[in-house]
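Please read the points beside the model.

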Amino acid sequence: MTSPSNRGAPVSTEPRINDRIRVPEVRLVGPNGEQVGIVRIEDALRLAQEADLDLVEVAAQARPPVCKLMDYGKFKYETAQKARESRRNQQLTVIKEQKLRPKIDPHDYQTKKGHVARFLSHGNKVKVTIMFRGREQSRPELGYRLLQKLAEDVAELGFVESNPKQDGRNMIMVLAPHKNIKPRVVKHDDDDAPEADSASEEA
């Protein structure tokens, strides 16, 4: 019967290891993934001790439970390192924004395209927004063609992750860098320049 002091206690997500595995027998897996077979728990613990490893329960629901011989401390450290690296990559992958007008002149287009290309080369996604004003809203095909042209011009660096779609007075497309382009931190002055340029379009 569960004692009152244990009620509501958080359930541990840590696997049972060594002496905390209290079953008569286990299906044992060796340190290199080799199948040892079903052995008594005493024998499994002895093998772990002889190999200077831990006996770790990896499939508690199996009958009998599956246990593996491993260096549990090293395993936990490597798992934590991979999780930190994954979080770091996610933090560095940010979405930049670039704004264009449907009737942008060639020089301004080249400037905007350069910003988009730089963002993609830094491993960032880019939200490209076409801003329609007045009667331009009746010509959405102008914005669509411009977004298609931009996607083709930067195809070596990125691909269309979200196809152009109308959002009120704007048309939006999202470009993402190819997987072989690694995210990296960009300088603050690099970040500020295109934003200031985008703001000039809204003036």
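1. Tyr 72 is buried, at 10% relative accessibility, while Phe 75 is partly exposed with a relative accessible area of 40%. Here buried means under 20% relative accessible area, exposed over 50% and partly exposed in between, with a 1.4 Å probe and protein chains only. The model is predicted: local features need pLDDT of at least 70 and side-chain atom pairs count only at pLDDT 80 or more, whereas totals for chains, interfaces and linings use all residues. Residues are numbered from 1 along each chain as its sequence is written, and side-chain values use heavy atoms, with hydrogens and water left out.

2. The structure holds one aromatic pair. Tyr 72 and Phe 75 form this pair, which is stacked, with 6.2 Å centre to centre and 25° between the planes. Rings of Phe, Tyr and Trp (its six-membered ring) pair if their centres lie within 6.5 Å; planes under 30 degrees apart count as stacked, over 60 as edge-to-face and the rest as tilted. Because Tyr 72 and Phe 75 are three residues apart in helix α2 (residues 72-92), about one helical turn separates them. Helices (H or I, at least four residues) and strands (E, at least two) are DSSP runs, numbered from the N terminus.

3. Four strands form an open sheet in the order β2-β1-β4-β3, with mixed pairing. Its edge strands, β2 (35-40) and β3 (54-59), each pair on one side only. Two strands pair if DSSP finds at least two bridges between them. Strand β1 (residues 25-29) is joined to β2 by five bridges in the antiparallel sense, and Gln 35 in β2 is the bridge partner of Val 29.

4. Helix α1 (residues 41-50) packs on this sheet and touches β1, β2, β3 and β4 (66-70). Contact means heavy atoms within 4.5 Å.

5. The largest nonpolar core has 19 residues; among those touching the most other members are Leu 100, Val 116, Val 154 and Leu 175. Such a core is a set of buried Ala, Val, Leu, Ile, Met, Phe, Trp, Tyr and Cys residues joined through side-chain atoms within 4.5 Å. At least two residues each come from α3 (106-121), β6 (125-131), α4 (140-153) and β8 (170-177), and α3 gives the most, with five. A second, separate core of 11 residues includes Ile 21, Val 23, Leu 28 and Ala 48.

6. Which residues does Val 154 contact, leaving aside its neighbours within four places in sequence? They are Lys 113, Val 116, Ala 117, Leu 120 and Leu 175.

Methods:
Axes are lines fitted to C-alpha atoms, for helices over the stretch in contact, and angles run from 0 to 180 degrees between N-to-C directions.
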